[in-house]
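Keep the structure in view while reading.

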Amino acid sequence: MLKLAGILLLMAGCSGLGINKVAEEKRRIRELRQIRRIILRIQNEMTYGKRALPEMCLLFGQCMEEPYRTAFLMIYKRLEENGGSGFGSIWKEELEDCMRNLPLQREEKEILCNMPECLGIMDEKQQAADIGQSLDFLEAHITQAENEYENRAKVIMSISVTAGIFIVILLL
């Protein structure tokens, strides 16, 4: 009876680990879509609203979802304090801190973190082109993640259940 309970708990743990990993893949896709919305909003605010990035940070701090809301509010607050740091370094520090625990790849995080570098140019058309390149790169990552999701989910669940069965066999 005790062995059966152990087998069931071990299988449940391995399956739970697989479910958690699949949920992390789904969360990655959701975060990529959120970053796309942020970048599109930046592009629209610059093009149509003629807003500067610090003003956008205050606006985003009021309407975005967490963890981005807090990051944008902190960017605006640090800019108001004017501690001598440049906008680009404050932006990068706060967003890196914000996205530290998100299930994104390094280059996906860098798309948003490096946004002020492509916005430092005064030419509005060049800024729009640079944002468009960032969006294209991000769109490719979203498409790839969505296309791979089904197969990855099946593989992850198969491996986690198989690992559970293998461990049960080893322990018997």
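A residue is called buried if its relative accessible area is under 20%, exposed if over 50%, and partly exposed in between, with a 1.4 Å probe and protein chains only. I142 has 1% relative accessibility and therefore counts as buried. The model is predicted, so local features need pLDDT of at least 70 and side-chain atom pairs count only at pLDDT 80 or more, while totals for chains, interfaces and linings use all residues. Residues are numbered from 1 along each chain as its sequence is written, and side-chain values use heavy atoms, with hydrogens and water left out.

- I142 is found in helix α7; helices are DSSP runs (H or I, at least four residues), numbered from the N terminus.
- The C-alpha atoms of I142 and R33 are separated by 7.2 Å, although the two residues are 109 apart along the chain.
- Apart from neighbours within four places in sequence, I142 is in contact with L32, R33 and R36; contact means heavy atoms within 4.5 Å.
- S134 also has its place in helix α7, and it counts as buried because its relative accessibility is 15%.
- Not counting residues up to four places away in sequence, S134 touches I111 and M115.

**Helices α1 and α2**

- The axes of α1 (residues 2–47) and α2 (residues 53–63) come within 11 Å and cross at roughly 130°; axes are lines fitted to C-alpha atoms, for helices over the stretch in contact, and angles run from 0 to 180 degrees between N-to-C directions.
- The two helices, α1 and α2, are therefore oblique to each other, where angles under 35 degrees count as roughly parallel, over 145 as roughly antiparallel, 65 to 115 as roughly perpendicular and the rest as oblique.
- On the α1 side the contact is made by I38, R41, I42, E45 and M46, and on the α2 side by L53, M56, L59, F60 and C63.

**Helices α2 and α3**

- α2 and α3 (residues 68–81) pack at an angle of about 145°, with their axes 7 Å apart.
- Residues of α2 including P54, C57 and L58 meet residues of α3 including R69, F72 and L73.

**The nonpolar core**

- The largest nonpolar core has 38 residues, and among those with the most contacts inside it are I39, Y68, W91 and L112; such a core is a set of buried Ala, Val, Leu, Ile, Met, Phe, Trp, Tyr and Cys residues joined through side-chain atoms within 4.5 Å.
- Leaving aside neighbours within four places in sequence, Y68 is in contact with residues including E31, Q34, C98 and M99.
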